[in-house]
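Please find below a short note on the structure shown here. The points concern the interface between its chains and then one part of the surface.

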Amino acid sequence: MRSADTINARVAFDSHRSRTMRRVWTTTLKIVLPIASIIGLWYFAIYASGLPSYVIPEPTAVLNSLIVNRALFFEHFVYTLQVALTGYVLANVIGIGLAILFVALPISRDAVMPAAISIRNVPYVIMVTVLALAMGDGFWTKVIIVTMAGFFPVLVNTYRGLKSVDPIILDRMRILDASLWNVFVRVRIPYSVPYMVAAQEITGSSSIVIAISVEWMISRSGLGYLINQSMMAYAGERVYAVALISAAFSFGAYSLIHFLGGRLNWAERKDR
Amino acid sequence: MAVNIKITNVGRRFGQLKALTNVNLEVAAGEFIAFIGPSGCGKTTLLRCVADLETVSEGEIMIGGDAPQKVRKARKLGLISQRPAVLPWKRAVDDVRFTQEVTGRAGFSPDDILSDFGLAGHEKKRPHELSGGMLQRVNCASAIAHDPELLMMDEPFSALDEMKREEMGEWFAAELQKRPRTVLFVTHHIDEAVLLSDRIVVMSPSPGRIHAIVSVDAPRPRNREFRTSPAFVETTARLRHMLFNEMRSAA
């Protein structure tokens, strides 16, 4: 009896260990395989295309550049981060602020919405040109462009969320004579959270892409500027290094937003 | 504490549609009134006008001598909706508390009322973790948590199974026995109306109006035996005749 138990326990332990091993193995494969396949494709592209190394450098050259120029990359990365983050925060302040205003004071929607749609539809190359002429190529010019490119999804989604409250809940609030503050803070805004979270994924990645693009056009610092510089110097490995940094940055930002959004989002939490 | 209601010549139009016409009704303080009638007879509309969720097109509603808006602003109203009006992210007990926080009125103890409604052990659950019937009972608790002077119920038990429906009815009857409040109760359920009400307002559709008012002359508390008493049988038979025969021949 006792020995049977021991054997059972042993089997259980072994199967538990083998399950853990299998999980470690699959996770490793999930990480290693894409990297290996990307590097493989990369080498294949080099040999198949026969392009010069300043157009398509070897992965080792890119890695080497990342290590050698790390101080330079870091400095410009921090600058881009500041532009993107400031623009992103402002896009949210303006987007959420306007959405609340639209719901609290419906006439403001008719007044502001046409302008908001127009701003959204102006090609941002034109915005960059006009703003650069008006304000120079400083930090705030870039921030404004990032904000203008990012606020619209936040505005539209937040507004939709604030309006998505079940009418029966609004009846309840009215019967109880709830204050406007309570209706907004305790009902409308929580109802809007899933919509706001969805908007963050759009605005978050657009903030990074737009920040780099604007730097590419008008800046003297940031990752976009670095791409421009490296291109002029035929330093292909540096362009690729910046591409890797930007990709990692975007991926990190997206994951962070997704993670934080998932914690805030009551509508998604209930599925777990 | 309880308030009387005076409804005078009330009409309500939605465009061309006459939802209510020429409604006259006086409700004494502490009286339990049921509204019964086919769909489209305007019973919910009438309730919503009393609750100041809608305004009347004609006539006047006075609650304790005041306009509905004033009574609503004094937070004396409670309405149990047909569909749960609970917040999807709130735990049951927090939803009940929410009513008290918003109104600033203590009323019933959230834990007690939830356990009275058969939800002991489910206080911490969120709406998606509760069944439809349980959710509707949370809805009942939340709607009356601030202990309103005028209680309105719009088919509150229609999502409940027969046993829970009876239990809930009995809870309200007992609570009102302890301390009378004025109740307006919309239902499709004839037995339930007779069991709970002092008077039953039978309404007929297009345009929505009062067809007849039936008094239920039976002492309280009315226990389950009341369902088999001659008074109960006679009153339900009368109501059935009105709803199924008189109205059909009129239409």
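1. The model is predicted. Across the interface of chain B and chain A, the rule finds seven salt bridges. One of the pairs forming a salt bridge is A:Asp166 with B:Arg83, whose closest N and O atoms lie 3.0 Å apart. Between chain B and chain A there are also eleven residue pairs in polar contact, both residues being at pLDDT 80 or more.

2. Three elements of chain B each give two or more residues to the side that touches chain A: helix 2 (68-73), strand 5 (77-80) and helix 3 (92-103). Helix 3 of chain B gives the most, with six residues. By type, the residues on this side of chain B are twelve nonpolar, seven polar and nine charged.

3. As for extent, 28 residues of chain B are in contact with 19 residues of chain A. The area buried between the two chains is about 2,200 Å², and carbon and sulfur atoms give 58% of that area. In chain B, the residues that lose the most area to chain A are B:Arg72, B:Trp89 and B:Phe98, which together account for 27% of what that side buries.

4. Chain A also carries a nonpolar patch on the surface, formed by A:Leu81, A:Leu85, A:Val89, A:Leu90, A:Val93, A:Ile94, A:Met135 and A:Trp140. Together these residues have about 690 Å² of accessible area. Helix 3 of chain A (residues 70-104) provides the largest share of the patch, six residues. A:Val93 has its place in this helix.

Notes: Residues are numbered from 1 along each chain as its sequence is written. Chains are lettered from A and ligands numbered from 1 in the order in which they are written. This is a predicted model: local features need pLDDT of at least 70, side-chain atom pairs count only at pLDDT 80 or more; totals for chains, interfaces and linings use all residues. Side-chain values use heavy atoms; hydrogens and water are left out. Contact means heavy atoms within 4.5 Å. Buried area is the accessible area (1.4 Å probe) that two parts lose on being put together, summed over both. A salt bridge is a side-chain nitrogen of Lys or Arg within 4 Å of a carboxyl oxygen of Asp or Glu. A polar contact is a pair of N or O atoms within 3.5 Å; within protein, one must be able to donate a hydrogen and the other to accept it, and residues adjacent in sequence count only if both atoms are side-chain atoms. Helices (H or I, at least four residues) and strands (E, at least two) are DSSP runs, numbered from the N terminus. Ala, Val, Leu, Ile, Met, Phe, Trp, Tyr, Cys and Pro count as nonpolar, Asp, Glu, Lys and Arg as charged, and the others, Gly among them, as polar. Patches are made of residues with over 30% relative accessible area and no salt bridge: like charges are joined within 9 Å, nonpolar side chains (Val, Leu, Ile, Met, Phe, Trp, Tyr) within 5 Å. Accessible areas come from the Shrake-Rupley method with a 1.4 Å probe; for residues, only the protein chains shown count as cover.
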